Every structure is written in structure tokens, then in C-alpha cells.
Amino acid sequence: MECDICGKAGSQGHPLHCITCARSYLELPRIELAKTLINKDGVEKHVKAVIQGSENRSSISLSDSKGGFLVDRQLCTDNLNWQRTRTETVEIEERMTLITEQAAHLRAQMEAARKELEAKRVLNAQRKSDLSSATYGIGPRRANEMDKVQQMVKRMDYKSEKLHYETIEQRRQLCATSATLAGLKMSKRRTKDGGIKEVFNIGPGTKLRVWDLRDMNDAPPDYLSASLAAVAQLLVRIAAYLGIRLPAEITLPHNNYPQPTIFSVTSSYQGKKVPFPGTTLDSSGNSPEVSRLLDPRVPLPKPRTLFIDRPIAHLSAEDPPAYSSFIEGVSLLAYNIAWLCRTQGMKDSFKRWEDVGPMGRNLYRLLILQETYIVRRPENPLDKDMCAGKSSASPLQRAPVSFGQLSHATSHSHMSMAENTQYISGWSLTPTKILDGLKAFLLAEQQAQEWDVLNQKEWEDMENIIAEDPIMVGDKRYNVGLDDGHSCVTTSTANGTQKDDMSEGGLPERKKGTSGWTKVKSRSEDVVNK
């Protein structure tokens, strides 16, 4: 419809200038609205008829229903298909949403991986550049650094060797001073047959003879005990200076322990408190340690004595257990001295038990003479001539062990090292062999000391004496009183000193173990200063 004023047809594309244009604009929507309301009214009647079951179909339009029914089955089926399609559409949309999100996540991961790969490529390129810079001329630089390290190692070895040699020198001086202060000396005694016998003494004041194990039958008990105590004290001090743990532990006199003792090799250094031989531990304590020590199921190590209160011959006859303990103790003491000498270089000097017997000689050789001491100077590794000489020479063998070199107290030349253990090993002499040999020797000497061989002049004197006053020989002669002073039979005093009333002369010294008719003591000897 054209507008009477503007002469244009009314439409939505032109502005409204008059009532006619406005009416024309609203006419079509009004018609659509009327149709919608009519359709809604019809649908509402149809729905009510279906729900209420009305049979009046006159007011209901069934033009769209196939078959003339109120409920069209085709429409219902189409509706179900439509709902199913709608549900599937929703599921597909949700799946597409998940796929889209996953694809976005994968794209983000791919982008991160791409960035990481790029960063690693840059890092690898930088590393390759650094590696090429670092490996440039690495051969000469490596050789230079190796030379520096070797020079440093040689310098440290030189300082260690120098310090070790200084330690050896200090040990030597300490041991020599200790032996000198202890009064360890050697004197030579001239015998009647013109021979020279070496006698070793110890003690700064009263000189005590360091008895040979084979001469203990003639030793006074008090002097022998004092001599063994002084030797044990000196040996412990020397072992402490050298930093060596002796195989048989020595216990020096201390509180409630008046005499020195020694333990066997297997029972040494157990850290247990043991009673003095002949006494018991005080059981008044209630501490766990005392309870453990007093437990009869825990055996305590048994110390061997280094002292006697009577002559050895009397001790063996009157108290065999004490005699056995003392003999084992002096055997272990001699074994300690020989073992210490072997560790300080005197390796080939002790092959038989007789070599262990002269304890004074062994200590004198080790501490005073210091036969194994070798003056050495550490080699400077910076000396080129010395290094060149070493390279051209043949491989060096092991140098002989010097006095004070091996020790348990230093890491340098420690005795538990393989080469030092191999050096010390191989000694066939054991404390048991020394004990068996000493017991057999002393027993044979005790059995043979009551008989001796007399020369012709002594027999002539004996015949004159027997004519005047017959005497008995053997064990019964101790019961015979000697009234005159002309008898040539010697007796022993209470302290073990010997008296000889024979006429002086150049009589040869008797040989021990030789059978004869009567008992005489060894000839008096003249002491000659060394």
C-alpha cells in the first residue's frame, strides 16, 4: 500500500513519516500473530482432546493427522527420532568440545616441546662450542697439569720421608738416653782359664746383673727379681718410645700390684682387671664391670710372675706351679726382647732359643750399640740428576730395616702394612719352644750341678782331707757339719752367695753337665773393665 503523503510503499527499510506508513508496517505482523493465535487455539483443543479423551472431533482439525486419529503415530515416531537425534547431537557436540580441548592441549604441548627442543639445540651448540674451546690444546695442558700433580706428590713424599727420618732420629736418641739412664752397661770378666766373659748390668745405683736364662740357677732370688723388674720397666719404656705394642703384655708395679708380671701372647691386651698373683679381686663393688669380672663363667687372663722369693732349685722342688709360672714369665720376657730386636732390623739373629737367652746382650746390641741404625737422608725429588739416575738404573730393592723405622704409632712404615708384615713373618721361634728348651736346660743343669770333675792336684788335697776327716757326697752331705775350715766342699749362704775354701790356683773352670765325684762351685772370676 502506497502512502498518500509520501507516495511510497510502506516497508521496514524506509523510515515511517505518516500514519499510513505506520499502518502498512504493522499489517503483516498482525496477520502473522493472528495465524499463530488461531494455530495455538487449535493445538490447545487437540491437546485437551487427547488428554481428556474427548470423542467430539467436530471442533478439532485433523487435516494434518494421517488416518484421522487424534494422536498421529507418525508424528510420535518423528518426535522420538528428533529427540534421539538431538541427544546424539548434544553428545557429538560434547565430544567435539573434548576433542577440541585435547587438540588445543596437544598443540600447547607441541609448542612447549618445540620451544624446549629449540632451547636444547641452543644449549648443545653452546656446549659444543665450550667443548671445542676446552679441548683445544688439551694434550700439552694435561701433561702440564700431570707434571704439577706429580711434583706436588713428590714434594709431599719428600716432606713425609724427612719427618719420618727425624722421628727415627728422635726415637734413637730417646732409646739410647733411656738405656743410659737405666744403667745398661757391659763389663768384661776374666776367667781363670784366661778367657773373657761379657757381663751385662743394669741400674743407675746398685748394679744388677742382667742374667742369662741359662745362668738363672746360680742367681740369688732377690737380685734376679730386681734385675727382671728393671729390664721389664726399660722394655716397656723403649716400646712406648718406639710406638710398638709388644706381643706379650707387661704389667709394671702399681697400686696393689707390687711386682711386675707378664701375660701370654693369647691373653694380652684384653683390657680386663686381673688380681695380683696370689690375691683375689675385691668383691665389694657392685658395678657391672666388677660383676662381669667376678663372673666365674668369664675366665680371667692369668699373669706370669717375673719374681721369686727363693732360689730356682728350691722353688722347682717346693712350689712347682710358681716355678712353672716364673719360667714361663722370663721366657715371654726374653721373647718380647727378641721380637723387638727383629722388628728393628735384627731379623737373622734369633734362630734358636739359645739366641734369646742372653737378654742383656740383646738389649745392649739394640739400645747401646744400635747395630741396625742406618743414617739416611731423604732424597730430594726436585734434584734432576737424581731423578735421571733413578730412571736409568735398575729397580731398587727393599732397603734394610733401620732402628726405629717400623712402628705401630705412625702411618708411615706401619707394621701392619703388607710389606712390613711379610718382613716380620717367617719366625719359627715361638714362646713355647723357648719355654720347652729353657725348662729342659735348667732341669738338666739342676740334675748335674751336684757333681763335678776334679783335677789331679785337687784329688791329692782331697785324699789328705779324707784321711783326716772323711766326708759324704751326694744329697746327704748337707746334713754333715763342717767343723774345720779345711774342707773343699762349698756351701750356699741364705742369700745365695757362694764361698769357696779351696786353695787358689790356675784351675780350669768346670763344664756344666759333666759328672764327677763331688760338688764344687764355679771358680772366682776377675772383673776387668771393658
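Let's start with a pair of side chains: glutamate 328 and arginine 304 meet in a salt bridge, with N and O 3.2 Å apart. This pair links distant parts of the chain, since glutamate 328 sits in helix H7 and arginine 304 in strand S6 (residues 304–305), 24 residues apart. Keep in mind as you look around that this is a predicted model. Side chains of opposite charge can pair when their charged atoms come close.

How many salt bridges does a search of the whole structure find? The search finds 12. One of them joins the side chains of glutamate 198 and arginine 361, at 3.6 Å from N to O. Glutamate 198 belongs to strand S2 (residues 196–202) and arginine 361 to helix H9 (residues 359–369), so this pair ties together parts that are 163 residues apart in sequence. Glutamate 198 is partly exposed, at 34% relative accessibility, and arginine 361 is partly exposed too, at 38%. Glutamate 371 also forms a salt bridge, with arginine 365, and here the closest N and O atoms are 2.9 Å apart.

Now step back to see the chain as a whole. Its secondary structure comes to 13 helices and seven strands. There are 530 residues in the chain, and buried ones make up 30% of them. Among the contacts with a separation of 6 or more, 59% are between residues 24 or more positions apart. The chain exposes about 34400 Å², and carbon and sulfur atoms supply 54% of that area.

Next, look inside. The largest nonpolar core has 65 residues, and those with the most contacts within it are Met216, Leu224, Phe326, Leu333 and Leu367. Helix H7 (residues 320–343) gives this core its largest share, 13 residues. What does phenylalanine 326 touch, not counting residues up to four places away in sequence? Its partners are Met216, Leu224, Leu228, Thr305, Leu306, Phe307, Ile308 and Ile312. Some of these names come back when you turn to serine 225, a residue of helix H4 (residues 221–242). Leaving aside neighbours within four places in sequence, serine 225 is in contact with Leu306, Phe307 and Ile308. Serine 225 counts as buried because its relative accessibility is 10%, and the cut-off for buried is under 20%.

Loops can be worth a visit as well. Leucine 429 lies in the loop between helix H11 (418–424) and helix H12 (431–448). Is leucine 429 buried or exposed? At 6% relative accessibility, leucine 429 counts as buried. Setting aside its neighbours within four places, leucine 429 is in contact with Tyr335, Arg352, Trp353, Val356 and Ile434. Take arginine 352 from that list: 77 residues separate it from leucine 429 in sequence, but their C-alpha atoms are 6.9 Å apart in space.

Val43, Val47, Val50 and Ile51 make a nonpolar surface patch of about 350 Å². Valine 47 is found in helix H1 (residues 19–52), and at 40% relative accessibility it counts as partly exposed. As for disulfides, the count comes to zero. Cysteine 175 is buried, with a relative accessible area of 0%, and cysteine 341 is likewise buried at 0%.

Notes: Residues numbered from 1 in each chain as written. Predicted model: local features only at pLDDT ≥ 70, side-chain atom pairs only at ≥ 80, totals over all residues. Heavy atoms only, no water. Core = buried A, V, L, I, M, F, W, Y, C linked by side-chain atoms within 4.5 Å. Buried < 20%, exposed > 50% of the residue type's maximum accessible area, 1.4 Å probe, protein only. Helix = DSSP H or I, 4+ residues; strand = E, 2+ residues; numbered from the N terminus. Contact = heavy atoms within 4.5 Å. Patch = residues over 30% accessible without salt bridge, like charges linked within 9 Å, V, L, I, M, F, W, Y side chains within 5 Å. Areas by Shrake-Rupley, 256 points an atom, 1.4 Å probe, with all protein chains shown as cover. Salt bridge = Lys/Arg side-chain N within 4 Å of Asp/Glu carboxyl O. Disulfide = S-S within 2.5 Å.
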